[in-house]
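Open the structure in your viewer and keep the selection tool handy. We'll hop from stop to stop, picking something to select each time and looking at what is there.

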Amino acid sequence: MAWDRNQMAARAAKELRDGYYVNLGIGIPTLVANNIPAGMTVTLQSENGMLGIGPFPYDDEVDPDLINAGKQTISELPQSVYFGSEQSFAMIRGGHIDLTVLGAMEVAENGDIANWMIPGKMIKGMGGAMDLVAGVKKIIVVMEHTSKNGDPKFLKSCSLPLTGKNVVDMVVTDLAVFQRPDHESPFRLIELAPGVTADEVAAKTTAAYEVAL
Amino acid sequence: MNKLYPDAAAALDGLLRDGMTICAGGFGLCGIPERLIDAIQAAGTKDLTIASNNAGIDNEGLGKLLRSRQVKKMISSYVGENKEFERQYLSGELEVEFCPQGTLAERCRAGGAGIPGFYTKTGVGTQVAEGKEVKVFDGEEYILERGIRADLSIIKGWKADESGNLIFRKTARNFNQPMATAGRVCVAEVEEVVPVGSLDPDCIHLPGIYVKRMIVGAPYAKKIEFRTTRERVSA
């Protein structure tokens, strides 16, 4: 059985390490925050200017001046700190963030990622995604294995405008996990969701990858 | 010298002209200079180029200036949650320069710091790199991005002292800090002005040298885009 959204987030959370500073994208990546292993200190960064994101606030503690990058109201922790956008992206671009988990429309076998626009159809902008993929030490993409129409999203090459070139280190989908040790190596299929076969993954993937189950 | 003006219209008097460039602080609807935006709308200044991370949402924040067709060009990283923006952009009525969020923050910081350009890895190999100089440092490609200097910066702070030393509150700081430095003139709206000496000099976020004029804009309604909460589990 394929992984659901929370299980995908839980799988990505296995890549967390004690002491990590982490930026989580909008959507499934946000759920990674609910799956931080007990006893592990992980500090979440919000690119609008905060380290130490707390849980959603109680109803009577909602503060319009305290939001995450998805514009949701959040709360602060005793160790939280605020800063301006220039400082926020200095720590992102400067390689001080250990890990980011992002959603994607397409990922290519060479590590390219596309997640910010569909020409003529959908335009939201890249927000901080281009800075994150350029600057963060490890990039994990969490996405459905195929589009709503059943088309593969892990491709030979991206058809949509890129967010970053040769930047993705790991892809977690509802069916499988792909990883590569460095940006010169091909991706390897390292894990399957329960009940999913390597053949099924191969049939729904156009990217070339090695199998290392 | 008195930096405190009675209202937004007075604070902007003599600073507005058609075709000017404005740097505006705020992220979504958080920390936006709403009184100053309202005053620019009322003044009817046209053909504006505005550098701001977002353009508000439909008819809120900078969305108001889009609705009244006062904006010629936006320099932004994210335009979701704003149908009028998307419509004007897709129909070609509005020019948009998509700029990665960190690059936008740094372009304004750099512009304000007298740095006309800088190299960044952000956007290499993407549409953002088109037409830009590429330079290799230590075996890696970087693109040249230009600093932004604006005619005017409009920002929202929490408290300022009478000399303009200013502090922000929580994540309402966001782009207000770099945007404040990029304009030849920065007008700040704050929730409270306090006497000099009542803010700790070690805890000022924006030194008063950047703030030329200010107003007290309170009371603020402070709209929320996505109100997310958790349940209180009773013992």
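Start by selecting Lys165(A), which sits in the loop between strand S11 (154-155) and S12 of chain A. This is a predicted model, so treat each stop as a look at a prediction. Is Lys165(A) buried or exposed, or something in between? At 46% relative accessibility, Lys165(A) counts as partly exposed. Leaving out residues up to four places away in sequence, Lys165(A) touches Asp112(A), Val124(B) and Gly125(B).

Stay here, as there is a pocket to look into. Lys165(A) is one of the residues that lie nearest the centre of the second largest pocket, along with Asn166(A), Val167(A), Lys121(B) and Glu140(B). In total, 23 residues line this pocket, and its volume is about 460 Å³. Which elements give two or more residues to the lining? Colour helix H3 (129-135) of chain A and strand S7 (140-146) of chain B to see them. H3(A) supplies the largest share, four residues.

Next, select Val141(A), in strand S10 of chain A. Its relative accessibility is 0%, so Val141(A) counts as buried. Show its surroundings, ignoring residues up to four places away in sequence, and you'll find that Val141(A) touches Leu102(A), Gly103(A), Ala104(A), Val107(A), Ile113(A), Val168(A), Met170(A), Val171(A) and Val172(A). Take Ile113(A) from that group: it is 28 residues from Val141(A) along the chain, with 8.7 Å between the two C-alpha atoms.

Now for the nonpolar interior. In soluble globular proteins, nonpolar side chains tend to be buried together. The largest nonpolar core here has 54 residues, and those touching the most other members are Val32(A), Val107(A), Ile140(A), Val142(A), Val168(A), Phe178(A) and Val201(A). Zoom in on Val32(A): beyond four places in sequence, its contacts are Ala9(A), Ala12(A), Ala13(A), Leu16(A), Leu24(A) and Val101(A). A second, separate core holds 38 residues, including Leu36(B), Leu65(B), Met74(B) and Val124(B).

Go back to chain A and select helix H1 (residues 5-13), whose buried residues are Met8(A), Ala9(A), Arg11(A), Ala12(A) and Ala13(A). What covers them? The cover includes strand S5 (99-102), strand S10 (138-142), strand S12 (170-172), strand S13 (176-179) and strand S14 (188-192) of chain A. Before you leave, look at the start of H1(A), where a side-chain oxygen of Asp4(A) comes to within 3.1 Å of the backbone nitrogen of Asn6(A).

The next helix to pick is H2 (residues 85-93) of chain A, with Ser85(A), Glu86(A), Ser88(A), Phe89(A), Met91(A) and Ile92(A) buried. Show both chains for this one: those buried residues pack against strand S1 (21-24), strand S2 (43-46), S3 and H3 of chain A, together with helix H5 (101-112) and helix H6 (176-182) of chain B. Just past H2(A), Gly95(A) has a positive phi of about 80°.

Another stop that involves both chains is Asp65(A), in the loop between strand S3 (50-53) and strand S4 (76-82) of chain A. With a relative accessibility of 3%, Asp65(A) counts as buried. Which side chain does the side chain of Asp65(A) make a polar contact with? That of Lys222(B), at 2.6 Å. Apart from neighbours within four places in sequence, Asp65(A) is in contact with residues including Cys30(B), Arg169(B), Glu191(B) and Lys222(B).

Select Asp47(B), which has a positive phi of about 55° although it is not a glycine. It lies in the loop between helix H2 (34-43) and strand S2 (48-51) of chain B, and is partly exposed at 40% relative accessibility. Asp138(B), another non-glycine, has a positive phi of about 50°, and is exposed, with a relative accessible area of 83%. Last, look for the cis peptide bond from Ala218(B) to Pro219(B); Pro219(B) is in the segment after strand S13 (213-216) of chain B.

Key: Residues numbered from 1 in each chain as written. Chains lettered and ligands numbered in written order. Predicted model: local features only at pLDDT ≥ 70, side-chain atom pairs only at ≥ 80, totals over all residues. Heavy atoms only, no water. Core = buried A, V, L, I, M, F, W, Y, C linked by side-chain atoms within 4.5 Å. Buried < 20%, exposed > 50% of the residue type's maximum accessible area, 1.4 Å probe, protein only. Contact = heavy atoms within 4.5 Å. 1 Å grid on protein atoms, 1.4 Å probe; cavity = no way out; pocket = protein on both sides within 12 Å on 5 of 7 lines; lining within 4 Å. Points joined across faces, edges and corners; volume = space filled by probe spheres on them. Polar contact = N/O pair within 3.5 Å; in protein donor to acceptor, adjacent residues only side chain to side chain.
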